[in-house]
Amino acid sequence: MFGFKVIGFAREFSYDNVYEEIPKSWDEICEKYVANVYAGGEVPEGMMLYEFPQGEWAVFDCVGAVPASLHSLNTRIFKEWLPGNPDYKISGNANVEWYDCMNGEKTDPDYHSAIWIPVKRK
């Protein structure tokens, strides 16, 4: 996959409270802003530009009410898929979580979100 730049918000979370803090963060962001692909120009105050280098991604689509469906998927990725994967390991220092802030409500049973994990061959 090609490299790309995104504009949005960066936040770090402790593993101990990630399942509580990330949903709060997304509630705040979806109410005020939408992160997007960066096409040039000034970066608004409070946002940052992040460049993902060219590489491969494991993309995990998620359908279901958030945060429960996304928490379940995230747990399966990091406790089952990554440790048990004979071909890929995680690379990079950031994952992408995508939430459809434009269509539907996070509590809808068919709400769409996704987790992107940068990977490389072992």
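Predicted model: local features only at pLDDT ≥ 70, side-chain atom pairs only at ≥ 80, totals over all residues.
**Entry 1**

I looked up Phe-52 to start with, and it counts as buried, with a relative accessibility of 7%.

In one of them, Phe-52 is stacked with Phe-4, with 5.1 Å from centre to centre and 25° between the planes. I call that stacked because the angle is under 30 degrees. Where do the two residues of this pair sit in the chain? Phe-4 belongs to strand E1 (residues 4–8) and Phe-52 to strand E3 (residues 48–52), so the pair links distant parts of the chain, 48 residues apart.

**Entry 2: Phe-4 again, now with Trp-116**

I stayed with Phe-4 and checked its accessibility: the relative accessible area is 13%, so Phe-4 is buried. Phe-4 also pairs with Trp-116, and here the geometry is edge-to-face, at 6.1 Å centre to centre with 75° between the planes. This pair again links distant parts of the chain, as Trp-116 lies in strand E7 (residues 112–121), 112 residues from Phe-4 in strand E1. Is Trp-116 buried or partly exposed? I found 25% relative accessibility for Trp-116, which counts as partly exposed.

Then I looked at how these rings group. Phe-4, Phe-52 and Trp-116 belong to one aromatic cluster together with Tyr-50 and Trp-57.

**Entry 3: Ile-90**

I moved on to Ile-90, which sits in strand E5 (residues 88–90). Its relative accessibility is 37%, so I noted Ile-90 as partly exposed. Which residues does Ile-90 touch, leaving aside those up to four places away in sequence? My list reads Phe-78, Leu-82, Asn-95, Ile-117, Pro-118 and Val-119. I also took one C-alpha distance: Ile-90 and Glu-56 are 34 residues apart along the chain, and their C-alpha atoms are separated by 9.9 Å.

**Entry 4: salt bridges**

How many salt bridges does a search of the whole structure find? The count came back as one. The partners are Lys-24 and Glu-21, whose side chains meet at 3.4 Å, N to O.

I finished with the accessibility of the two partners. Lys-24 has a relative accessible area of 52%, so it is exposed, whereas Glu-21, at 28%, counts as partly exposed.

Definitions and conventions: Residues numbered from 1 in each chain as written. Heavy atoms only, no water. Phe/Tyr/Trp six-rings, centres within 6.5 Å; stacked < 30°, edge-to-face > 60°. Helix = DSSP H or I, 4+ residues; strand = E, 2+ residues; numbered from the N terminus. Buried < 20%, exposed > 50% of the residue type's maximum accessible area, 1.4 Å probe, protein only. Contact = heavy atoms within 4.5 Å. Salt bridge = Lys/Arg side-chain N within 4 Å of Asp/Glu carboxyl O.
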